[in-house]
Amino acid sequence: MEKRVTFRSGWLPWALVAPQLAIVGVFFFWPAGQALYQSLLSQDAFGTATEFVGLDNFRRLFGDADYLASFQTTAIFSLAVAVCGLAIALLLAVMADRVLRGAGIYRTLLIWPYAVAPAVAGVLWLFMFASPMGVVAYALQGLGLEWNHLLDAHHAMALIVMAAVWKQISYNFLFFLAGLQSIPRSLIEAAAIDGASPWRRFWTIVFPLLSPTTFFLLVINIIYAFFETFAIVDASTQGGPGRDTAILVYKLYYDGFKALDMGGSAAQSVVLMAIVIALTVAQFRFIERKVTY
């Protein structure tokens, strides 16, 4: 039978959730409301003069070729970060789950990158690939491959994708490892006795049972790629070369704090928030159907 908790007082449930509601209201709904209001205004850099312009900021925004190009840049970047991050983390989790000796050390080393700040991760990968002094860039040059993320847009995109994936792998690894350890060993052993190969056991037993974890991480990684990778881009490429790595969150920052376009940057934040909400709803609406709980 399903257990139900009955409160004798009607105000007690609200009192228990009040701190969380206050945090969400102050740090999410209030800033979101402020951004929506400012997106309808035109103001100078110091906020001393404001004028209500309605939807003019949005019309000007979608008439900007650079802003429209950042949609494609963000789509490529987010897809690469989510797919590569989940695939590599799953592979590492499967390998770590099979380790018998030194398993604790191995898992600890894989978790460490999560403690690194995004800006530090961007600088670290920038140093490794800085041509011709970086270790990786020097090795690539020895192999006959000329690396220069300052001039080549593909190299710059690869750089920020690798840095973002490396920063997020530890988070994905923890959840995948926990999901693997929760799968009953009896199911895998029974499939092995029936003659199923390791590859078939993984795709028919292990991966379907990991689908709730995978779906959760997919949503988290998409949000991470859209919002939390700003510091990586700013520290490594600063949106260059040109605007080829200027994802939406970085262009929002650039237009607001460097170009001092307050109304346009507020409109960009509203559009970015709407995109992330729409993507999250779409994932729950369509992808969740394939999840096995």
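Buried means under 20% relative accessible area, exposed over 50%, and partly exposed in between (1.4 Å probe, protein chains only). This is a predicted model, where local features need pLDDT of at least 70, side-chain atom pairs count only at pLDDT 80 or more, and totals for chains, interfaces and linings use all residues. Numbering runs from 1 along each chain as its sequence is written, and side-chain values use heavy atoms, with hydrogens and water left out.

**View 1. Phe28 meets Phe29.** Rings of Phe, Tyr and Trp (its six-membered ring) pair if their centres lie within 6.5 Å; planes under 30 degrees apart count as stacked, over 60 as edge-to-face and the rest as tilted. That rule gives 18 aromatic pairs. Here the centres of Phe28 and Phe29 are 5.1 Å apart with planes at 80 degrees, so we call this pair edge-to-face. Phe28 is partly exposed at 41% relative accessibility, while Phe29, at 55%, is exposed.

**View 2. Phe215 pairs with Phe284.** It's an edge-to-face pair, 5.0 Å centre to centre with 90 degrees between the planes. Phe215 sits in helix H10 (residues 211-228) and Phe284 in helix H13 (residues 262-286), so the pair ties together parts 69 residues apart in sequence. Helices (H or I, at least four residues) are DSSP runs, numbered from the N terminus. Phe215 is buried, at 6% relative accessibility; Phe284 is partly exposed, at 42%.

**View 3. A cluster of rings.** Tyr114, Tyr171, Phe175 and Phe216 are joined up by ring pairs.

**View 4. Arginines over rings.** A charge sits over a ring if NZ of Lys or CZ of Arg is within 6 Å of the ring centre and within 35 degrees of the ring normal. Arg243 lies over the face of Tyr254, 4.5 Å from the ring centre. Arg285 has its charged end over the ring of Phe286, 5.5 Å from the centre.

Definitions and conventions:
Helix = DSSP H or I, 4+ residues; strand = E, 2+ residues; numbered from the N terminus.
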